[in-house]
Amino acid sequence: MIKDITLGQYFPGNSPIHRLDPRSKLVLVFALLIIIFLCQNFFSLALITVFSVVCVLLSRIPFKTMMKGLKTIVFVILLTSILQIFYNHEGTILWQWHKIQITTGGVSMAIFITVRIICLIFVSSLLTYTTSPTLLTDGIERLLKPLKKIHIEPHTLAMMMTIALRFIPTLIEEVDHIMAAQKARGADLESGNLIKRAKALIPILIPLFVNSFRRAYDLAYAMECRCYRGGDGRTRMRIMKLSGVDFAAYAVCALLLAGVIVLNICFEAVI
Amino acid sequence: MNKEIMIQIQNVTYAYEGDEEGSKLSPVLQNLSLDIYRGEFLAILGHNGSGKSTLTRLCNAMAQPDSGKVYVDGMDTADEKLEYDIREKVGVVMQNPDNQIVATIVEEDVAFGPENLGVEPSEIRRRVDSALRRVGMYEYRNHEPHKLSGGQKQRVAIAGVLAMQTECIILDEPTAMLDPQGRREVMQTIHELNREMGITVVLITHFMEEAVQADRVAVMDEGQILLLGPPREVFAHRQVLLDSGLDIPQSAKLADRLQQLGICLPGDILTPDDFVSSFRAYREGKR
């Protein structure tokens with residue numbers, strides 16, 4: 001069962017969003033996050049919301065999955081909206097009890113912020129849902145290439161990410177084995193208070209570390225055997241080329257930015 | 001078979017460094033000489049610590065001998081400038097399939113070698129596809145390595161070496177961690193590469209049954225070559241093998257046992273097939 005885990009949260013597919021160049025996706029998601037923060041009233045927010053929903057529909061990622069992504073931050077959303085409701089005293093008073101009051105301004109602010117957070121989550125999770133980890137690291141490596149000028153090696157970073165991703169399932173499997181082996185020797189991993197259980201983890205962590213070092217040594221040897229010598233002079237099998245979909249996406253996002261700015265100017269700001 | 005030399009090992013002595021600065025442990029290889037011919041299938045047998053794996057490191061310039069010389073296709077492994085040219089010629093497949101796969105996708109991993117060599121992208125694509133077809137893993141090209149079986153992982157590792165277009169593959173106990181099914185898959189693949197592509201294969205193994213199928217067998221003990229020759233000659237020296245902590249093929253063992261009981265099977269028996277035909281002949285003779 002543990003062997004079936006998928007890395008990241010990637011959902012394979014062939015939608016226009018999937019087909020976007022990973023570099024474009026990284027840049028566009030970053031741009032979209034900024035655009036979402038630029039929204040100042042409900043009209044521009046509505047535009048962004050419609051756009052985010054259309055993107056989700058285009059990607060053919062089931063809405064259920066998207067909602068699951070929201071679950072983890074429900075607490076954050078609730079907390080911020082409640083704070084907004086009680087601390088914003090603009091507009092007419094809807095309800096009052098001693099010094100605590102709820103106003104129309106507070107309620108609309110709470111709704112505004114909730115919708116904005118949901119949009120942020122939708123857009124950013126679309127990136128990981130539609131891009132495989134390999135492509136993502138590849139895209140990051142190529143995007144960060146200019147960093148080479150200030151002596152930061154994007155290749156090394158990307159290689160580290162790749163190897164980490166590659167070994168996560170292997171190490172999970174290993175933890176399983178070690179746990180079974182220690183249990184067979186009578187280790188008690190489940191009972192006792194927190195400190196006791198934390199202590200019980202030591203006999204699992206030590207073999208895991210020792211084995212990881214051996215693996216690292218083996219892997220380094222295997223990489224050297226296959227002529228690895230860093231990023232210099234290395235070519236890549238995958239050619240990344242911007243296609244029509246990418247340019248279309250850039251155009252749409254530019255229009256979106258323009259739309260948000262126009263709506264911000266035409267209507268009164270809420271925030 | 002032509003007798004062109006692929007790897008030439010001349011009077012090599014090698015010792016690992018000790019814990020203290022400059023100190024050496026007792027030598028792992030002692031004045032060892034061995035010629036590996038182009039296109040041959042050589043099996044190397046030896047118990048743990050007999051220096052088999054060290055020999056691998058010397059053959060692909062991962063280590064240099066303390067004395068003596070190793071030449072790969074005429075290139076001296078002591079020459080640091082030739083290091084990568086040598087590793088391009090001699091590929092290595094290790095025992096643990098998990099520790100030699102670098103990428104998160106099968107085809108990316110196969111591409112790792114040629115990418116390091118700076119090969120053109122279109123050419124890498126071609127090599128990766130053909131290498132994966134060779135080992136029968138083409139349908140799995142987009143899979144994640146951790147979801148494959150041991151035998152499949154090992155075949156991916158072999159494809160990774162093939163994609164570098166090496167002329168020689170050294171396999172260091174490639175089947176030791178596999179189940180019988182995986183072992184069969186890997187052995188079949190190795191034999192195909194040797195027969196059909198003329199790739200020189202050096203197979204380091206513990207399994208007598210695998211060694212029997214080789215063109216030549218070298219038996220190592222205490223850092224030296226104890227026996228060298230075709231399987232039939234080598235396995236005729238049963239006592240030498242047993243003394244150096246090795247086994248003899250199961251079929252041969254069974255034939256020996258029968259002989260002790262007074263049933264003398266004719267001929268040299270190394271493989272199960274040998275045994276069957278010999279036993280048939282024996283029964284015919286009885287009638």
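Over the ring of which residue does the charged end of Arg141(B) sit? That residue is Tyr138(B), with the charged end 4.2 Å from the ring centre. This is a predicted model, in which local features need pLDDT of at least 70, side-chain atom pairs count only at pLDDT 80 or more, and totals for chains, interfaces and linings use all residues. Residues are numbered from 1 along each chain as its sequence is written, chains are lettered from A and ligands numbered from 1 in the order in which they are written, and side-chain values use heavy atoms, without hydrogens and water.

**Charges over a ring**
- The charged end of Arg133(B) also sits over the ring of Tyr138(B), 4.0 Å from its centre; the criterion is NZ of Lys or CZ of Arg within 6 Å of the ring centre and within 35 degrees of the ring normal.

**Aromatic pairs**
- Eight aromatic pairs occur over all chains (ring centres of Phe, Tyr or Trp, its six-membered ring, within 6.5 Å; planes under 30 degrees apart are stacked, over 60 edge-to-face, the rest tilted).
- Phe42(A) and Phe112(A) form an edge-to-face pair, because their ring planes stand at 85°, with centres 5.4 Å apart.
- Phe112(A) is buried at 0% relative accessibility, whereas Phe42(A) is partly exposed at 32% (buried is under 20% relative accessible area, exposed over 50%, partly exposed in between; 1.4 Å probe, protein chains only).
- Ring pairs join Phe275(B), Phe279(B) and Tyr282(B) in a cluster.

**Strand β9(B)**
- Six of the six residues of β9(B) (residues 216-221) are buried; strands are DSSP runs (E, at least two residues), numbered from the N terminus.
- Strand β3 (residues 41-45) of chain B pairs with β9(B) in the parallel sense over four bridges (pairing needs at least two DSSP bridges).
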